[in-house]
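Here is a short tour of a protein model, written for someone just starting out. Have a look at the sequence and the 3D view, then read on.

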Amino acid sequence: MDAFTGAVRALLTRVPPAEGVCGSSALKVLFLSFYTSSPHLSSIGRLVEGIVNLGQTECLEFCISPAPPDRRGCEIVIGQEFKAFSRAYPVAFSWLTRLTLEYHAFGNSGITDLISTCCRLRHLNLRFCTLVDSQSTLKIDVPCSELQELEFTGFRCARIELVSVPKLRQVVCQHWPFENPPVRFGYVPELRGVMLYSKAKAGQEPFALSDCLPRSARNLSTLTLCFGDQMIWIQPEHPKQLTPIFRNLTTVFLFGIFSECDLSWTLFILEAAPALQDFALSRHSCIKTPEYSAEKTNVVWEPSKDFKHLNLKGLHIFGCEDEDKVRNYVRLVMERAVGLLLIELYGENPCIYCDATNLERSKAEKSSRHRIKEQLTHGSSSSVEIIIC
């Protein structure tokens with residue numbers, strides 16, 4: 001701790017005004033990563049308040065986690081220490097622009113209170129945190145906040161509801177342990193991007209995107225769904241249910257579709273998103289199935305026969321080892337996306353459990369991509385460019 005405070009003070013006194021540093025020995029940008037350890041928090045709080053009181057700080061970031069091995073099981077104590085720290089140094093927290101917390105527990109209104117206290121906070125990342133009552137719903141209602149990005153990883157509660165976060169632009173929710181859907185959006189008019197990533201667990205039923213995504217977000221442009229090579233946890237639905245939400249959607253990523261699953265169901269998103277320009281998906285069947293995983297079942301959906309898409313420009317597929325399935329899917333997209341310009345066929349993404357990067361397998365898979373290209377272009381008058389990547 002003495003080395004830490006000495007280093008920061010040295011930086012304040014010795015570095016002349018330059019890029020990232022203002023005059024009067026004030027820091028514009030300060031990033032601190034530290035443990036929730038009571039003897040040191042007061043020193044950090046006093047030091048930071050001394051810096052921000054100069055009034056020149058533009059970016060202040062805290063990354064706070066418990067000291068190992070105190071992780072799971074200590075969230076309530078850690079949360080109490082953090083709460084006492086934030087109350088003791090309100091000036092420091094009022095200047096925070098980015099905050100990452102790991103293994104903290106909150107009361108039902110704790111996160112809303114935290115965001116309201118940190119009046120400059122733009123980015124909040126909660127990793128493996130929990131509500132004290134994990135059977136309660138986390139509700140975030142901060143109509144006057146500056147919050148732009150929210151990220152939840154393994155957050156334990158009954159459900160997450162974003163009641164009112166007017167300036168929110170990006171939401172990431174990963175590895176949720178509760179029932180679907182993981183997030184319900186209220187008033188989030190500035191929302192631009194949503195990323196949902198999880199491996200479905202037994203008891204988590206597939207859900208309709210229209211039951212999750214916000215109708216208040218008129219500028220949603222990017223949607224990323226990652227299934228982790230396990231059960232597909234969304235339900236295809238009639239495009240008219242989603243078009244009001246997807247009307248300005250331009251980019252979609254569907255990652256981790258298990259290889260045995262049919263692909264035609266993905267076209268319900270294409271039908272619902274008239275402005276879509278780039279559509280990417282990845283396929284893989286991992287040899288490792290997590291404990292308590294939901295059963296993988298095929299997803300069946302028939303696209304409208306007369307549907308035509310005018311704006312799709314690029315189709316990008318990762319994992320092409322099933323030639324017939326991939327070829328038939330690409331043809332289906334080419335028939336309907338009349339403005340399609342580019343198709344890119346990639347190998348499988350690396351997997352730490354499988355032999356997806358084995359040289360022989362990689363060569364065989366690349367040969368499959370070349371055969372798919374030959375079959376799609378043979379006798380075709382299409383101007384679509386197909387690239388083997």
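The sections below go through ring pairs, cysteines, one glutamate and some strands.

## Ground rules

This is a predicted model, so to speak of local features we need pLDDT of at least 70, while side-chain atom pairs count only at pLDDT 80 or more, and totals for chains, interfaces and linings use all residues. Residues are numbered from 1 along each chain as its sequence is written, and side-chain values use heavy atoms, with hydrogens and water left out.

## Rings that meet

How many aromatic pairs does a search of the whole structure find? The count is 17. To pair, rings of Phe, Tyr and Trp (its six-membered ring) need centres within 6.5 Å; planes under 30 degrees apart are stacked, over 60 edge-to-face, and the rest tilted.

Take F318 and Y346: their ring centres are 4.2 Å apart and their planes sit at 15°, so this pair is stacked. Since F318 belongs to strand β18 (residues 314-318) and Y346 to strand β19 (residues 342-346), the pair ties together parts 28 residues apart in sequence. (Strands, E, are DSSP runs of at least two residues, and helices, H or I, of at least four, numbered from the N terminus.) F318 is buried at 19% relative accessibility, whereas Y346, at 22%, is partly exposed. Here buried means under 20% relative accessible area, exposed over 50%, and partly exposed in between, using a 1.4 Å probe and protein chains only.

Ring pairs also link W176, F207, F227, W233, W265, F268 and W301 into a cluster.

## Cysteines on their own

A disulfide is a covalent bond between the sulfur atoms of two cysteines. The cut-off used here is a pair of cysteine sulfur atoms within 2.5 Å, and the structure holds zero of them. C118 is buried, with a relative accessible area of 2%, while C59 is partly exposed at 23%.

## A buried glutamate

E75 lies in helix α3 (residues 75-88) and is buried, at 6% relative accessible area. Leaving out residues up to four places away in sequence, E75 touches Y103, H104, A105, T130 and R156, where contact means heavy atoms within 4.5 Å.

## Strands side by side

Strands pair if DSSP finds at least two bridges between them. Strand β5 (residues 123-127) runs parallel to strand β8 (residues 149-153), joined by five bridges; L126 has F152 in β8 as its bridge partner. Five bridges also join β8 to strand β10 (residues 170-174), again parallel, and T153 is partnered with Q174 in β10.
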